[in-house]
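This report describes one protein chain, beginning with a single residue and then moving to the elements around it. The sequence and structure come before the details.

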Amino acid sequence: MLLDTMNAQAVEYDLGEQNMQAALGVITGRLCLLVRPGLSDARVAIAIRSLLAHYIHRPYPVLAFWPASDRQGGRVEEVDDLPASMSADPPEVTADVLDLYGDGNWAPKDGWRCDEEVLAELKEVGVRHLKGVVEDIPEDMYPLPEGLGAVVAAGYDDEGMAHPLVFLRGDLPTGLQADLLGFCLASVAGSEYESWEPDENGLIFVGTEAGPGRGPGAALLGALTVQRLGRRPGDCAFTLLDPPEGTAPVSEMAA
């Protein structure tokens, strides 16, 4: 799932005579994970999770994974170059590793569930755990600006902690609402997302169109949160819309 969300690909590749088992490189703007042929599925899973976890925590152009002496884990190192034999263009995909994340840290904690259950639990996260507000956009606010999916703002307590104020478009498919809410909660939680700036009323307008996540940030965190609660997310890099004209009625939601 991380590979899909981060627009990365994993391929089997001859890494030479070194003991390196896998490597991650940014090639032509895309993450590419090179995995030594012949590794077991378990070793491939460990290598890829380790590389992506390091990259999410500290993005670095080239990472290498070396097996640990006990053969159970491994270590990730930041290196200057990809293997010398690596060409400038990503090779064709020869290994499908998406399913290897089924037992990872971001696997569904209670198994795969229906979209309605996931959306309900996401709302619970926003309200109970993040002490925010998650509601449908009131019906008297319709018709809404074209392409609008959610309106987001952040409230702050006396200690400066942000609490989400999210108003979702209730006439969207439930799965899309879940993906939108995951993205919105991640945005308010502080995950950097491009030029995430509120308008003069402190509002962010999130569209319904989305592309794949391409690195750390709100799109990735939102997608992983949605998956953790039991839904395989769609694209979660949602577009941010310019504030529509005449936003006074919408602004009253966050008042």
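Lysine 131, which follows helix 3, has a positive phi near 55°. Helices (H or I, at least four residues) and strands (E, at least two) are DSSP runs, numbered from the N terminus. This is a predicted model, in which local features need pLDDT of at least 70 and side-chain atom pairs count only at pLDDT 80 or more, while totals for chains, interfaces and linings use all residues. Residues are numbered from 1 along each chain as its sequence is written, and side-chain values use heavy atoms, with hydrogens and water left out.

**Helix 3**

Helix 3 covers residues 115-129. From the first C-alpha to the last, its 15 residues reach 20 Å, close to the 21 Å expected at 1.5 Å a residue; the expected span is 1.5 Å times one less than the number of residues. Val118, Leu119, Leu122 and Gly126 are the buried residues of helix 3 (buried means under 20% relative accessible area, exposed over 50%, partly exposed in between, with a 1.4 Å probe and protein chains only). Seen down the helix axis, these buried residues fall within an arc of 100°, so they line one face of helix 3; the arc is that of the directions from the helix axis to the C-beta atoms. Arg128 and His129 are exposed on the face turned away from the buried side.

The buried residues of helix 3 pack against the elements below, where contact means heavy atoms within 4.5 Å.

| Element | Residues |
|---|---|
| Strand 6 | 133-136 |
| Strand 8 | 162-168 |
| Helix 4 | 174-188 |
| Helix 5 | 218-228 |

**Strand 4**

Strand 4 (residues 62-67) is largely enclosed by the rest of the structure, because 6 of its 6 residues are buried. Val62, Ala64 and Trp66 point one way from the strand, and Leu63, Phe65 and Pro67 point the other way. Strand 4 runs antiparallel to strand 5 (residues 74-78), and 5 bridges join them; two strands pair if DSSP finds at least two bridges between them. Proline 67 has glycine 74 of strand 5 as its bridge partner.

**The whole chain**

The chain has 6 helices and 10 strands. Of its 255 residues, 44% are buried. Among contacts between residues at least 6 apart in sequence, 69% join residues at least 24 apart.

The mean pLDDT of the chain is 77, and 75% of its residues reach 70 or more; pLDDT is the predictor's confidence in each residue, from 0 to 100. Over residues 90-101, pLDDT stays under 50.
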